[in-house]
Each structure stands twice: as C-alpha cells, then as structure tokens.
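Student: I'd like a close look at one part of this model, with the cut-offs spelled out. Could you walk me through it?

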Amino acid sequence: MLLIGVCGLSAAPAAQGVRIAISCGAVGVELELCREGVSAWEELTGNRVEIVSTPNSSTERLALYQQMLAAGANDIDVFQIDIVWPGILGGYFIDLAPYADDEPARHFPQLIANDTVEGKLVALPWWTDAGVLFYRRDLLEKHDFDPPETWAELTAIAGTVQQAEREAGENDLWGYVWQGRAYEGLTCNGLEWIDAFGGGTIVADDGTVTVNNPRAAAALDLAASWIGTISPRGVLNYDEEAARGVFQSGRAVFMRNWPYAWSLAQGEDSPVRGKVGVVALPSGSPDGQRSACLGGWHLAVSRFSEHPAEAADLALFLTSAERQKVRAVRGSYNPTRPTLYEDAEVLAVSPFFETLYKTFENANPRPARATGTRYNRVSYAFSRAVHEILSEGIDPAPRLAELERDLLRLSRGGQW
C-alpha cells in the first residue's frame, strides 16, 4: 500500500512495490533530469518506473498520445503533456485533486486554471515557459549596441552585426535564428510576432477568429523579410534544438528560444559560455507591447492506469518544490511555484528569472481554452499558413483571409 506523507508526497517505501511507466521528453537535459527524479522516487517508495521515449516534436507526441489513449492502452501511466493539451486530452486523465491536498495552491493560479477541465484537475504543472531572446552580449558590446527594444531594431542590429562580422572573416555568422518549421514551435513564434504588433491572438477568448487583420499581416511581412537575409533559409526547418545548435556554436547573434537553452549555453564545453545575455522578446513598435508565448509541460495520470494512486504520487513528487528547484538549478527550467523565484540558489544560476519574472507570469497563452478539442487543428492551420508566407514570400493579407475562412469553417462560425 502506498504511504502518503505531507502534501501528498511519498513518505516511506511501499511494502510491496508496483511498476508504472512515465513519458519524458529529451530536449536538452530534460531526459537526464527526469531519470534523476524518477530514481529518487523509486528509492523513496520501493516502486519501479519505466521511462517511455516519445517524440520531441510536440505535434508528433500529441498524435502518439491520441492514438494510445483512444485505444485505451495502459502502456503509460504518467503522461508529460504540453500546456495546451488539457482541453484536448483531459477526458482521458484522472482527477488529481483528491491526491493533491493543498499543493495546487502553491503553483501559479493561471496554470492550475489551465489544468482544470470541467471541474477536474487533470494535470499538475511541472515547469512553465515563455519565449525569450538570447543574444551575444560580446558582439553587441563590440559593435556598440544595446539589446533591441523592437522587432525593427532587432532586424537592423542583426543585419549590421552580421555584415560587419562576415567582413571580418566570420562567414557563417547569421543575425537571427528561431523555430521556423511548420509545427507547434512556429505557432508560438508567429503568435509572439502578431501579438507584439497588436494583431491579437489568432482566436480570442470568446471564440472569435481575429487573425485576419493589418497588424498581423505587418508582423508576418517583417518576419518574411528575415529569410535569406538575417536568417538562413534553413531556419524554415528549425525546431528548438536546431536553433540552439546554431546559436550555441557561435554562429548567430540572436536566438528566440525557451529558457532551458540558458544552462546549455553556459555549459563548460559551450563555445559561447559567458558571452550570452537574455532579455524579453521585442515589441512591435516603440509604444507597443512585448509578447512571449506561454509554454511549459505538465504531468497527467491516465484513467487507464492500473495503479492510479502510485502514478499520482509520482506526479506530485516530480512537481514538488524540491524537484522543481533541482530542475531550475541544473537545467534552467522555470518553476511553476512563485516562491522559487525568490530562491537565492535558483537566481544565482539563472539571474534572468528575477528580471523577467513578469514575462513568465504574464506570458501570452495560445488559444487552447477557446478552441478546446479543435486546438490542434487550429495550430496546424496557423503554422502552415505562416510557413507558406515565410517560405514562398507571398503577401500575408490574402493568406490570412484564407486562414480566417478555414478557421470559421472549423469552428462552425466561432462556436467552438
């Protein structure tokens, strides 16, 4: 029998252990930290855990999850899910509230609200994310630039530094790298650009399709101008790790990515160690807003699990303050607990956690709650449209009008 301690976390080894399975991603040091957390729980409880490998692409991972859960498979007990999936997959997960005591109150309220579907707490926040701008501090200082305040400034600075460095012999240096493949990562980038220009969030909270507007078109027009100039054409096939590989090898001035890339850029074997800064993503205009897409991953327990109590206990353990602190210190994974943003050890490793606290707290969510089970189709349609605009150099306005018509049909006139 599982022994539950303070805050629902395991307090002593089980008399007779069970075997459960968890899915973990492998971006950066993600898998290594998952293994460490799982091993600590195994030692504490006497249970055994199998770590199931899943695709790093969130789009591919969701498709796999949907196939498994629709078939009622019990191969995985604890699922690592994207923040936008509770509305899509929530019906397949148990209510964690009976196991959680007061733990939900210790996370950011908006994340618990995100994970509550039809009154059930279908997941627990593991780490939160917001898109941020990494920059080569040494190169900006060398060329007498401050970090950009607007996307237009970034475009100009990236072009100037790129040209000057290439003339000095750095022929493979690019100005800006990001996630341009037609997948969820491009949805995040596109949403950040459009919202920074005041163009809305694709679909409003009330279900209204808002993506077809002049400000959204202006944002995408600027992004398209980067292809082949400050960004390589290959960026159209980049995911997070591909962008990080270019930036961390010293071949880019700026990079949009998630905070996890910080600890890797500061690693002992990193060519850019000690040369990198992190700031909020730029605004669309001097008086405009900065926009960072809300990201992050959460843990949910399958309703097909044969050991739901043990699986819930593992989820509680991995999302505890102690384990989140380990992840923050070791991998720059943003905690979902506000108190950890005041922790001296956490801030010593990732000082931008403090300076960008409001960015993380107020990050812009994707329209998953408004679109519910259709969110994945919305994201696919949006990322495909953005990718066409970027790759083919077409006028954004008519393509956004076409996207609006597609989304209206999908939503049956805004009634998601």
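Student: Is Glu 118 buried or exposed, and what is its relative accessible area?

Tutor: Glu 118 is exposed, at 81% relative accessible area; that label means over 50%, buried means under 20%, and partly exposed is in between (1.4 Å probe, protein chains only). Before going on: this is a predicted model, where local features need pLDDT of at least 70 and side-chain atom pairs pLDDT 80 or more, while totals for chains, interfaces and linings use all residues. Numbering runs from 1 along each chain as its sequence is written, and side-chain values use heavy atoms, leaving out hydrogens and water.

Back to Glu 118: it sits in the loop between strand E4 (116-117) and strand E5 (120-121). Those labels are DSSP runs numbered from the N terminus: strands are E, at least two residues, and helices are H or I, at least four. The backbone is worth a look here, as Glu 118 isn't a glycine, yet its phi is positive, near 50°.

Asp 101 is another non-glycine with a positive phi, about 50°. Asp 101 lies in the loop between helix H4 (97-100) and helix H5 (109-114), and with 52% relative accessibility it counts as exposed too.
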